[in-house]
Amino acid sequence: MTRYPGIDATFHFPDYPSIARGFVTGPEAGPDPDAGSGTGINPVTGSDPVFRVWAPAAGTVRLAWRLADAPYGTDFARTQYREAPVESEELNALGFHTEAMEATPAGWWAVTAPSDALTAVLRDLADHAAGAPGGTEAPVIEYGYLLDEDPTLRPDPRSRRQPYGPHGPSATVPVLGQPGSASAAGSSPNGGWADRADGEPAPTSASDDPAANRASDGGWAGRAWDSSPVYELHIGTFTSAGTFDAAIEKLDHLVRLGIGWVELLPVNTFAGLHNWGYDGVGWFAVQESCGGPEGYRRFVEAAHARGIGVIQDVVYNHLGPSGSYLGMFGPYLHAAAANPWGDSINLDGPGSDEVRALILDDLAMFAADYGVDAFRLDAVHALLDSRALPILEDMTIHMEELARTLGRAHPIHIIAESDLNAPRLITARADGGDGLTGQWSDDFHHAVHVALTGETEGYYADFADPEALPKVLRSGFFHDGTLSTFRGRAHGRPIDGDRVSPGQLIVCIQNHDQVGNRAAGERLSHLVGTDALAVGAVLLMLAPNTPMLFMGEEWAASTPWQFFTDHREDWLGEAVSNGRKSEFARMGWDESAVPDPQDPETFTRSVLDWTEFGEGGSGDDSAEEAGAGVPGSEAAGAGAADAGFATSGLGTGSALGAGLGTGSAHGTGTAARRAIFELYCALGALRAERPEFRELAFADITVDASAGGGSAGDRWVAMTIGGLHVVANLGTEAAAVELPGGAASILLDTAGFLAERGAGSGEDSHASRDAGGATDADGELFASIEAGTVRVPPRSAVVLTTAS
């Protein structure tokens, strides 16, 4: 791949990856097919597939391989999971052959003189890669490497598939072709890319995909970053099946919400069958128990068929504690520079060119082979990198070039999870920044969470400042050089509004971290009532930033999302369980109230219960039916009601464990869930139709707040963007807020919205609505407008529009 220079155009950055890596085919087999075995090219034909591995410190390397004889899939992964690697004495009994590998330049080893048996298989693979006729299945090779005198078979660091888990042998994946193309429908032991595991046809492209996301040939061409809502989900707990195919069945639910992006928690191979994904060890291999490469490809294409872009969460700051063998092959780790999760990745030490190439190639594989549109980088503050060209900027350079190579109409976006509050991450490279598309911003979450719940412990303490919420709405960061008492130092830097836009900040009121890192995995709906949930939804969905929902948030799901693992080593399982309990015991929690991560029930409790939403929740109702009507009216969200919410109550949440409060949305029953879902649909439709959210700048935002010092009675915040006004009353008394500009009309009033649906504090009151707004006999239950002033009931929000 051609590298582009950085800010200083006179400096030449090295071109790497400089040679083909891993298991490759055809023209990618090497830079010069006639160069002979010294380059590691297979001399059989110069174009057959070859096996390569980077092991610069090894004295000898051997390949062990066999042909796969059974179809893979979720059942295979669950029944054939290996808890330990294959030992050399097992190889013959399991039908493995061994091949010598030759040392080639730069620490790479390659099979340059394959046996006749391997040659025949390689040629068969090459024929299928070239489009062999006859509809025969491409052979699948299971393989691994034997390093020096180590008798244990180690998986390929660049393995595309780990059907037996991270400890077992690797497996090849048929050549995919471009996502959405005919060549992507090659066959495999699982039925190939064209068919689902259950035998049903794979989803096809929809005829109504947004034209802006389609190339001239009708194929997907990426998605612009336009501050459309993001939906974060974990494949294993999103549905009871925990697979990509099951998640596909719920994508229409996201369409009704107005979702533009779906963000998947890490899907690369981890130890065990249940994990958040952040203990991954096989970066290139898709977790088999979730559906493997085929299921993942189907999911991406199904999302694209609905106009939804795919963000893949990836972890390059550490490796999981079980099944990690990279360090045996080369200097992949910084043992002397550990972070909270283990040894850091070697991004700047000796041999780090190849380590960085591993990361860049992984991103390229997910984008080119699977069609991924964006990447969320986990905890970039833990990437230790002292190079002049930081890895983050390096990623941006490579993804810009790859998008051009793939003919995409939009960039391949890079998004950082960062607690640095450092604007340089999302400042353009031409302006001296790293050039990332966006970053998660925790300050918004903390400010809203404190305002809604009153929690002020730990890092929430600073956000008790009544200026916290107005400041994050107005300028992005709360800590922009201010004192962080949690850190004991000044933190952050102001955002330059001329170089960074509000939509580059991805904000939330719940996400996997903020829910799952609580002791019992409580959602916001376990902590506050329906009124507060509605106010939070308005602040999130009409924020000037890019809003992100966490799965189940949109219907106030009763299921927690707890920290769960499935480590098979007794010592590791005990260490994780005891460490979790000790962590919260230090913060004053009763250890018995902290769920055991290793207990299977902890995982089971965390799976979304779609029956409480209703089986119709994944049906075919259109977005228009589910809330694209006039927001705030009876029609808004009517389709969601028809979608079939469960008729049973919400329950008490007792499965969460001890220590939970009782003032949650649970007590209001099914009406609360229905109302919250309809509200999210209405807000998504409103956000999509309002021009204010297109190309929004910080200078376009005006924020006002109460002068009551943040007292419980008098606490409100008002935000104006163009002709759109949002007023959130967080206090216990009605608020009177003067509106800027001319005559106003109410678009949405959460008090009235909830009351009309039998939810919220006004659920038993169905006062009629007059032309000026929604009021009862006292004028306090619903919002109303009087002489340029809007009166907002306690714990509610109102959205208005003015002629100006």
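**Close-up views of a predicted protein model**

Buried residues, meaning those under 20% relative accessible area with a 1.4 Å probe and protein chains only as cover, make up 59% of the 804 residues in the protein. This is a predicted model, in which local features need pLDDT of at least 70, side-chain atom pairs count only at pLDDT 80 or more, and totals for chains, interfaces and linings use all residues. Residues are numbered from 1 along each chain as its sequence is written, and side-chain values use heavy atoms, with hydrogens and water left out.

View 1. Among contacts (heavy atoms within 4.5 Å) between residues at least 6 apart in sequence, 72% join residues at least 24 apart.

**View 2. Meet the largest nonpolar core, with its 160 residues.** Such a core is a set of buried Ala, Val, Leu, Ile, Met, Phe, Trp, Tyr and Cys residues joined through side-chain atoms within 4.5 Å. Y296, F375 and L469 touch the most other members. Beyond its neighbours within four places in sequence, Y296 contacts residues including F244, L264, Q312 and Y370. Look also for a second, separate core of 11 residues, with W716 and V792 among them.

**View 3. Here P155 sits in the loop between β6 (141-147) and β7 (170-171).** P155 is buried, at a relative accessible area of 10%. Not counting residues up to four places away in sequence, P155 touches Q162, P166, G168, S170, Y325 and F329. From C-alpha to C-alpha, P155 and P85 are 8.7 Å apart in space, yet 70 residues apart in sequence.

Conventions:
Buried < 20%, exposed > 50% of the residue type's maximum accessible area, 1.4 Å probe, protein only. Helix = DSSP H or I, 4+ residues; strand = E, 2+ residues; numbered from the N terminus.
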